[in-house]
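Morning, everyone. Please have a look at it first.

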Amino acid sequence: MTLVILAAGLGSRYGGLKQLDAISENNETIIDFAIFDAIQVGFEKVVFVIQKEFSQQIKEIYIPRLQNKIAVSFVCQETNNIPKKFLPIKRTKPWGTAHALLTAKKEVDNNFCVINADDFYGKEAFKKMYSFLKNQPVNSYKFSMIGYLVKNTLSDNGSVSRGECIVNNKKELVQIHERKAIVKTQREIVYNENNKEIPLNKNTIVSMNFWGFTPKIFSEIEHQFYTFLEKNSNNNEAEFYLPSVVNNLLESKKATVNVIKTTAIWMGVTYKNDKEKVVLGIKKMKEEGNYPQKLWS
């Protein structure tokens, strides 16, 4: 079982390479805690999707830390890693999360989960995901997603974007709607659409990009990416998102996505000032014995 970590984003709102920002006294990052949790529940390999210019820096940190603990691979998400028909291109920014995952294809040959590098998901989420994935054959189109309550995923320092999930009575995902500029006001949670504030129920299930897939997802991403490029190869702002791929599969009824609900409090570093809350949260969990004082020894 493999953990794929999407760590190629630059973090423009954060103001730096947040994936490597320490959140504990032992210079541990959010990535460290994700990998530690994954190892504890049974994952045996981790694949980092990174930018080429930071590859050496990331390798120097994680190869020594993870030696003899879990198999490790690194792949670079590059803008020219697209079908030859669409080359050359002048694009500078990454193509998006679905393309980032596609980059990892050659390193994944079993069921796997994919996460963001800058989100703290909690051990419960990894445990539930592992349990689901281990019972799926590798040729299955039964996928999964960890669903968080929107009230548990907000930042005190600015707006966030989340995927609002429509879930049926079988606990299966029906559709994801991208909601932007979500904030908590004094009275309620709202998002912005066409310059209007629209209320969002605090218990709405949202996606934090914690997905569980079989290798079947890769051929689907390839097919949809080709279609995407035919329309957007010259559009420097267009991005190929993983939720869009999933939505298309749901609409065509080619796949199902089991929504694994969690009431865990999300922690993340969308903004620079989010870091303090994460540091305090990690410190508290260590004091309560949820994590050792030093993750890697």
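Predicted model: local features only at pLDDT ≥ 70, side-chain atom pairs only at ≥ 80, totals over all residues.

An α-helix has 3.6 residues a turn, so residues three or four places apart point the same way.

Next, a helix pair. Helix H5 covers residues 216-232, and helix H6 covers residues 242-251. How do they pack? Their angle is about 100°, and their axes are 10 Å apart. Since 65 to 115 degrees counts as roughly perpendicular, that is the word for H5 and H6. On the H5 side, the contact uses Ile217, Glu220, Ile221 and Gln224. On the H6 side, we have Leu242, Ser244, Val245, Asn248 and Leu249. By type, the contact residues split into 5 nonpolar, 3 polar and 1 charged.

Now the cysteines. How many disulfides does the structure hold? The count is 0. Take Cys113. The nearest cysteine sulfur belongs to Cys165, and it is 17 Å away. A disulfide would need the two sulfur atoms within 2.5 Å. Cys113 is buried, at 0% relative accessibility. Cys76 is partly exposed, with a relative accessible area of 24%.

Last topic: the backbone. Leu87 and Pro88 are joined by a cis peptide bond, with omega at about -5°. Where is Pro88? Look in the loop between strand S3 (71-76) and helix H3 (97-103).

Two residues to check for phi. Ala181 is not a glycine, yet its phi is positive, near 55°. Ala181 belongs to strand S8, residues 173-184. Its relative accessibility is 31%, so Ala181 counts as partly exposed.

Asn195 is not a glycine either, and its phi is positive at about 65°. Asn195 sits in the loop between strand S9 (189-193) and strand S10 (196-199). Is Asn195 buried or exposed? Exposed, at 75% relative accessibility.

That's my tour. Over to you.

Terms used: Residues numbered from 1 in each chain as written. Heavy atoms only, no water. Axes fitted to C-alpha atoms, helices over the stretch in contact; angles between N-to-C directions. Helix = DSSP H or I, 4+ residues; strand = E, 2+ residues; numbered from the N terminus. Parallel < 35°, antiparallel > 145°, perpendicular 65-115°, else oblique. Contact = heavy atoms within 4.5 Å. Nonpolar A, V, L, I, M, F, W, Y, C, P; charged D, E, K, R; others polar. Buried < 20%, exposed > 50% of the residue type's maximum accessible area, 1.4 Å probe, protein only.
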